Amino acid sequence: MVTDRLRECRERDRSCERSRTERGQVILIGALALAFIILGVVVVFNGVVYTETLSSSETGQSATTAEATELEVQQGIGCLIDRQDDDDLLEENITAFNDLYQNSTAHSSPAVVNISADADEIYAGDNATVTITYDSNELHYEQERTIKASDCPEDS
């Protein structure tokens, strides 16, 4: 009797061993799938971090943007000086140019440019002294420039 009980237990254990190996294969396949998923997430995350690093490196470009703004202002006011004969009208046109320039650049760059002219330093047809103020997150400067009528690119 004792022997028969042991035989039955062994036969039960053998059937359990077969299902255990099948369970082991399922666990192994699940572990491999999980490893590939984690690897894929790491690769995607690394790409996102690299892209974000590149996109936030615009700080070196702000100086070039400021230089381009300064050139645009210089050429625009140079053409106003070249075409104007009255000092008072030239001052009004510089103020109007400031407003138009702020409106046209407000949508394309996160910077504020202000152009102010000294009424005593405006000579229509010759030159004008203006103060250019450039404000952005990365850069702030204020510069006084004497712009001549010859700065208009159409005269070159």
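User: Where is Thr129 found, and why is it called buried?

Analyst: Thr129 sits in strand E2. Strands (E, at least two residues) and helices (H or I, at least four) are DSSP runs, numbered from the N terminus. Thr129 has a relative accessible area of 9%, and buried means under 20%, exposed over 50%, partly exposed in between (1.4 Å probe, protein chains only). With 9%, Thr129 falls under the cut-off, so it's buried. By the way, this is a predicted model, where local features need pLDDT of at least 70 and side-chain atom pairs count only at 80 or more, while totals for chains, interfaces and linings use all residues. Residues are numbered from 1 along each chain as its sequence is written, and side-chain values use heavy atoms, with hydrogens and water left out.

User: Which residues does Thr129 touch?

Analyst: Skipping residues up to four places away in sequence, Thr129 touches Ala117, Asp118, Glu121, Glu144, Arg145 and Thr146. Contact means heavy atoms within 4.5 Å. One of those, Thr146, is also the bridge partner of Thr129 in E3.

User: What makes E2 and E3 a strand pair?

Analyst: Two strands pair if DSSP finds at least two bridges between them. Strand E2 (residues 127–135) and strand E3 (residues 140–148) are joined by 9 bridges, so they qualify. They run antiparallel and form a hairpin with 4 residues between them.

User: Why is E2 described as mostly covered?

Analyst: Of the 9 residues in E2, 8 are buried.

User: What makes Arg145 and Glu70 a salt bridge?

Analyst: Side chains of opposite charge can pair when their charged atoms come close. The rule asks for a side-chain nitrogen of Lys or Arg within 4 Å of a carboxyl oxygen of Asp or Glu. In this pair, the closest N and O atoms are 2.1 Å apart, so the label holds. The pair links distant parts of the chain: Arg145 is in strand E3 and Glu70 in helix H2, 75 residues apart. The structure holds 1 salt bridge. Glu70 has a relative accessible area of 14%, so it's buried.

User: Is Gln74 buried or exposed, and what does it contact?

Analyst: Gln74, in helix H2 (residues 62–83), comes out at 17%, so it counts as buried. Leaving aside neighbours within four places in sequence, Gln74 is in contact with Arg145, Ile147 and Asp151.

User: Why is Gln143 called partly exposed?

Analyst: Gln143 in strand E3 has a relative accessible area of 29%, so it lands in the in-between class. Beyond residues up to four places away in sequence, Gln143 touches Glu70, Val130, Thr131 and Ile132.

User: What makes Phe97 and Tyr101 a stacked pair?

Analyst: Rings of Phe, Tyr and Trp (its six-membered ring) pair if their centres lie within 6.5 Å; planes under 30 degrees apart count as stacked, over 60 as edge-to-face and the rest as tilted. For Phe97 and Tyr101 the values are 5.9 Å centre to centre and 25° between the planes, so they pass both tests. They are 4 residues apart in helix H3 (residues 87–105), which means a separation of about one helical turn. Both Phe97 and Tyr101 are buried.

User: How many aromatic pairs does a search of the whole structure find?

Analyst: It finds 2. Tyr134 and Tyr141 also pair: their ring centres are 5.8 Å apart and their planes at 20°, so this pair is stacked. Tyr134 and Tyr141 are both buried.

User: Why does Leu32 count as partly exposed?

Analyst: Leu32, in helix H1 (residues 2–55), has 47% relative accessibility, so it stays in the middle class.
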